[in-house]
Amino acid sequence: MSASDSHAPVLVPDYSLRAHNTFGFEARSRWFCRIETADQFAAVLRDPRVAGLPHLVLGGGSNIVLTHDFDGVVMLVALAGKRLVREDDQTWYVEAAAGENWHAFVAWTLENGLPGLENLALIPGTVGAAPIQNIGAYGLEMAERFHSLQAIELATGARVELDAGQCRFGYRDSFFKQEGRERFAITSVTFRLPKAWTPRADYADVARVLEASGTDASPRAIFDAVVAVRRAKLPDPAMLGNAGSFFKNPVVDETTYEALRAHEPQIASYRQADGRVKLAAGWLIDRCGWKGRAVGGAAVHDRQALVLVNRGGATGAQVLELARAIQADVLARFGVRLEAEPVVI
Ligand code: EPU
């Protein structure tokens, strides 16, 4: 650590967050700063100008809905660096700083012969945000490749290390969305990548692309297939503002599932290890006829009903209004409650 590391970063007043949320909503923060070293979190919070104000640790802004200005301090995580920290006979341990772009990190692991994260290609956001909602896609959850993380406890400035058990990962869930909410800033994450690589290529969409390309399921082929599937279904936030899936896929008990299936034999679902059934929220929303419908500039994406988009000029409030109408409709029609996935400010 150099002498300048603990220096407080520059606090910018009245800062537009438009470029820092993938919905592209206009909202202003009373104070804004870029965090480039771990110690700067505590340094900022000691500054008398922000003492007592709410704080928001922000990564890529790909999982938030800004509905109004933020009367506090936004700390943009710009911590950089990635490296192979160690290896043994079975495992590579790879660490990345929280501010690294997730997709660029995944691409870097493959370029360096460190496979295992390829199913999570093209997920928007940063490395530091990945454990918070335990990102997952196409047959893999981040938790399966997670070793540990480093974080700062914001109230004390203390550095802490948490292992997988302490992070309490669940489906799109972790300690950081529950008891740990708003208490920590993740500074780096270490992944454990098994040297005995096996493909995860069962997910129907991915399997189809691989088969069509006629290539073996190598890490690179899976990476390319996932990228192709995501590009076909999910809107690029740079072109059409969105925060990925707006709702979690609801999990229901066996009885509820059987009752639903009696009326809707086509219902898209996945059996869980505990016997319960995860329903595809996108299918439920689609079945209610929401694809393409809009409230102002906020709309349901026309290729994946689970994604809400900003067609231009939408506000966070309009997205929430649309989300509430969808929730009410799905509840009335199927008796199933949809839970919003992004953080609403
Ligand atoms: N479906 C429809 N209509 C739609 C959308 C989906 O009928 O408008 C059906 C599909 O045909 C399929 C099923 O619903 O049978 C599931 O759809 P899909 O494979 O697109 O996945 P999902 O369950 O909607 C989840 C994740 C995505 C992840 C994909 C692939 C959640 C909340 N979402 O979506 O994650 O990329 O699986 O693994 O779990 C995200 O979290 O932001 C995200 C994009």
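## A buried asparagine in a loop

N119 counts as buried, at 2% relative accessibility, where buried means under 20% relative accessible area, exposed means over 50% and partly exposed lies in between, with a 1.4 Å probe and protein chains only. This residue lies in the loop between helix 2 (102-111) and strand 8 (136-137); helices (H or I, at least four residues) and strands (E, at least two) are DSSP runs, numbered from the N terminus. The model is a predicted one, in which local features need pLDDT of at least 70 and side-chain atom pairs count only at pLDDT 80 or more, while totals for chains, interfaces and linings use all residues. Residues are numbered from 1 along each chain as its sequence is written, and side-chain values use heavy atoms, with hydrogens and water left out.

Leaving out residues up to four places away in sequence, N119 touches A137, Y138, L140, R200, I222 and V226, where a contact means heavy atoms within 4.5 Å.

## Helix 5 and its two partners

Two packed helices are described by the angle between their axes and the distance between the axes. The axes of helix 2 and helix 5 (residues 219-233) come within 10 Å and cross at roughly 155 degrees, which makes helix 2 roughly antiparallel to helix 5. Axes are lines fitted to C-alpha atoms, for helices over the stretch in contact, and angles run from 0 to 180 degrees between N-to-C directions; angles under 35 degrees count as roughly parallel, over 145 as roughly antiparallel, 65 to 115 as roughly perpendicular and the rest as oblique. The crossing of helix 2 and helix 5 is left-handed, a word used if the near helix is turned anticlockwise from the far one by less than a right angle, whereas clockwise gives right-handed. On the side of helix 2, the residues H103, V106, A107, L110 and E111 meet P219, R220, F223 and V227 of helix 5. Sorted by class, this contact of helix 2 with helix 5 has six nonpolar, one polar and two charged residues, where Ala, Val, Leu, Ile, Met, Phe, Trp, Tyr, Cys and Pro count as nonpolar, Asp, Glu, Lys and Arg as charged, and the others, Gly among them, as polar.

Helix 5 also meets helix 4 (residues 204-213), and the axes of this pair come within 9 Å and cross at roughly 115 degrees. Helix 4 passes helix 5 in a right-handed crossing. The contact joins D205, V206, V209 and L210 of helix 4 to A221, I222, A225, V226, A228, V229 and K233 of helix 5, and by class it has nine nonpolar, no polar and two charged residues.

## Two residues with positive phi

Most residues other than glycine have a negative phi, and most peptide bonds are trans. Against that background, D14 has a phi near 45 degrees, a positive value in a residue other than glycine, and N134 likewise has a positive phi near 45 degrees. D14 lies in strand 1 (residues 12-16) and is partly exposed, with a relative accessible area of 47%. N134, by its place, belongs to the loop between helix 2 and strand 8, and this residue is buried at 0% relative accessibility.

## Further buried and partly exposed places

A298 is found in strand 18 (residues 298-300) and is buried, with a relative accessible area of 0%. Apart from neighbours within four places in sequence, A298 is in contact with R293, V309, A314, Q318, V319 and L322.

S62, in the loop between strand 3 (55-58) and strand 4 (64-65), is buried with a relative accessible area of 15%. Not counting residues up to four places away in sequence, S62 touches T22, P124, G125 and A243. A158 has its place in the loop between strand 10 (146-153) and strand 11 (159-163), and at 31% relative accessibility A158 counts as partly exposed.
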